[in-house]
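User: I am new to this structure. Can you walk me through how to read a few of its features?
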Amino acid sequence: MHLYDPLRMLYSSDAGWRELADDHPSILRSFLLLVLPASLFGAIMVLYAATTAPQAYAPEAGMGSWYWAAAVLLLSAWLCVPLMAKIIQHSVHAAVRPPLADCYKLAAIVPLPIWLSALSLFIAIPAVNVICALLGLLASACLLYHGLDALFEHDDSVETIVLAYNIFSFGALVWCFIVALVLVPLLLLPAM
């Protein structure tokens, strides 16, 4: 895989995806190489925001609330990736269901732009953070479509678009649920 392939994967079903199609990591390997580092990065960035600019996000929240928020973010990511893998596995148009490990691999790759959007927490401006998160969500939608096409569908058709839309819609709801879960300890448990 070339250095620029991750960017090309956003708009191409060929660049980078071919190498990924040939690689069949176990669920544990995908978890250790993708999900664990990305989710730890997100949790660390939440704690970074707590120590550098808590007044910009939740001025009344104590450090305990921030720890809870980071833990909720971490655990919800660990639970949602397998859920999304099952959704992908049961949604793909195939005579034989794709292996769960391959679906897990895609489910682990798709949210990476959302996790990377946590870099915006270096800028303690909530509006910028929201814009970056939404751009990460858009990039994830592109990865989902091209990943489905490259790994499972192989036809770049309207059916693939509909499939990506359905899976992405569910994933976006899950993402909103995770954001709500993270906000609960910050907004409702300020004394911690």
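Analyst: Start with helices. A helix here is a DSSP run of at least four residues, numbered from the N terminus. This is a predicted model. Leucine 34 lies in helix H3, residues 27-52.

User: Is leucine 34 buried, exposed or partly exposed, and why?

Analyst: Buried means under 20% relative accessible area, and exposed means over 50%. Leucine 34 has 23% relative accessibility, so leucine 34 counts as partly exposed.

User: Which residues does leucine 34 touch, not counting those up to four places away in sequence?

Analyst: Contact means heavy atoms within 4.5 Å. Leucine 34 touches Lys105, Ala108, Ile109 and Leu112.

User: How many aromatic pairs are there?

Analyst: Rings pair if their centres lie within 6.5 Å. The count comes to two. Take phenylalanine 31 and tryptophan 78. Their ring centres are 5.7 Å apart and their planes stand at 70°, so this pair is edge-to-face. The pair links distant parts of the chain: phenylalanine 31 is in helix H3 and tryptophan 78 in helix H5, 47 residues apart. Tryptophan 78 is partly exposed, at 28% relative accessibility.

User: What about the rings of tyrosine 48 and phenylalanine 122?

Analyst: Planes over 60 degrees apart count as edge-to-face. Here the planes are at 70° and the centres 4.8 Å apart, so the pair is edge-to-face. Tyrosine 48 sits in helix H3, while phenylalanine 122 is in the loop between helix H7 and helix H8. They are 74 residues apart.

User: What is the relative accessibility of tyrosine 48, and what is the relative accessible area of phenylalanine 122?

Analyst: Tyrosine 48 is at 28%. Phenylalanine 122 has 49%. Tyrosine 48 counts as partly exposed, and phenylalanine 122 is partly exposed too.

How values were computed. Residues numbered from 1 in each chain as written. Predicted model: local features only at pLDDT ≥ 70, side-chain atom pairs only at ≥ 80, totals over all residues. Heavy atoms only, no water. Helix = DSSP H or I, 4+ residues; strand = E, 2+ residues; numbered from the N terminus. Buried < 20%, exposed > 50% of the residue type's maximum accessible area, 1.4 Å probe, protein only. Phe/Tyr/Trp six-rings, centres within 6.5 Å; stacked < 30°, edge-to-face > 60°.
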